[in-house]
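These are my notes from a look through one structure, set down in the order in which I checked things.

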Amino acid sequence: MNSGLFEHIEVFMAIAQARSLTGASIATGIGQATISRQLAALEEHLGCTLFQRSTRAISLTERGEAFLHHAKRLIDAMAEAQAAVQESANRLKGRLRVACANGFAKKLLVPMLPEWQSLHPDVNIELILADHLSQIIEERVDVAFRIGTLPESGLFARPVGSFKHIVVASTEYLKKHGLPNKPGDLARHQCILYSGFEHPEQWKFTGPDGEHHVRVASRLQSSTFDGVCDAVQNGLGVAATPDFFWRSELADGRVTRLLREYEMSRRTIHAVTAARPTAGGKTAAFIAFVEYRLPDRLAMSAPVDRQ
């Protein structure tokens, strides 16, 4: 990439964050006239308008919003590339406190750690395992990996992957209670709920006949997905859980996937930090490593979708 174009993108990011040319000028130390010229050059290069301007305000256009998403990833990727070539001079070291759910750690994160440790032998990782969103500042957490919609906060969140939920039950349970053939059939089943969701009893499906919103009945909830999965395997009911929990159990027939023609919405995995990680630091490097390796782990852990 031509260095001038990269500088223009950095200016675009500063304007988008400050929501004003003046604020971007203050943040970057670049004169406002130069800021305006660089923005104009970027819009000319892209062939579109990135901001709507008025005498009082500046806001992103629809194309500007789309470009912002990719520009953030480009800036982060450049920072990680620079960190990688400078690693020998600035070797990562020290303790890294990582918070995540136990199931995420067991199925996805821990299997990636041998490679990370071989790359960064001087970084010591401390895992803090809990399904709830840790008090990142109070507990001095460097990064927390969290699933789904995040509450409004001043924290910095970066999406690093996504997965889908599937509906499952044990073979033992289905022998006694039968198979649900459509989402509405779940009303006559006992469902096991994950209490970490805002409305755990409301399940939404999209199928060949459109959308289905089902309010399920339950006599058992768990504050962790591990607890939900243990309950499923003990024949206590039907559950909607991340697909990466079940590869071996589905393969050996202990658990059956239900309602294959009906999809639940995908959920995003975020890396959450108290502030934007410093480029070249161990937190930024770890997040970039997880984002790079996570798709492979999700693919390896997800069940083969077969009848």
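Which residues in H2 meet which residues in H3? I found that Leu21, Thr22, Ala24, Ser25 and Thr28 in H2 meet Gln32, Ile35, Ser36 and Leu39 in H3, where contact means heavy atoms within 4.5 Å. By class, this contact has four nonpolar, five polar and no charged residues.

I note that the model is predicted, that local features need pLDDT of at least 70 and side-chain atom pairs 80 or more, while totals for chains, interfaces and linings use all residues. Residues are numbered from 1 along each chain as its sequence is written, and side-chain values use heavy atoms, with hydrogens and water left out.

I then looked up the geometry: the axes of H2 (residues 21–28) and H3 (residues 32–46) come within 9 Å and cross at roughly 110 degrees. H2 and H3 are therefore roughly perpendicular to each other, a term that covers 65 to 115 degrees.

Next I turned to H10 (residues 282–301), whose 20 residues reach 27 Å from first C-alpha to last, close to the 28 Å expected at 1.5 Å a residue. A kink of about 40 degrees lies at Arg293 in H10, shortly before Pro295; the bend is the angle between axes fitted to the seven residues ending there and the seven starting there.

I also checked how H5 (residues 102–109) packs with H10, and found an angle of about 80 degrees with the axes 10 Å apart. That makes H5 roughly perpendicular to H10. The residues of this contact divide into seven nonpolar, one polar and two charged.

Conventions. Helices (H or I, at least four residues) and strands (E, at least two) are DSSP runs, numbered from the N terminus. The expected span of a helix is 1.5 Å times one less than its number of residues. Axes are lines fitted to C-alpha atoms, for helices over the stretch in contact, and angles run from 0 to 180 degrees between N-to-C directions. Angles under 35 degrees count as roughly parallel, over 145 as roughly antiparallel, 65 to 115 as roughly perpendicular and the rest as oblique. Ala, Val, Leu, Ile, Met, Phe, Trp, Tyr, Cys and Pro count as nonpolar, Asp, Glu, Lys and Arg as charged, and the others, Gly among them, as polar.
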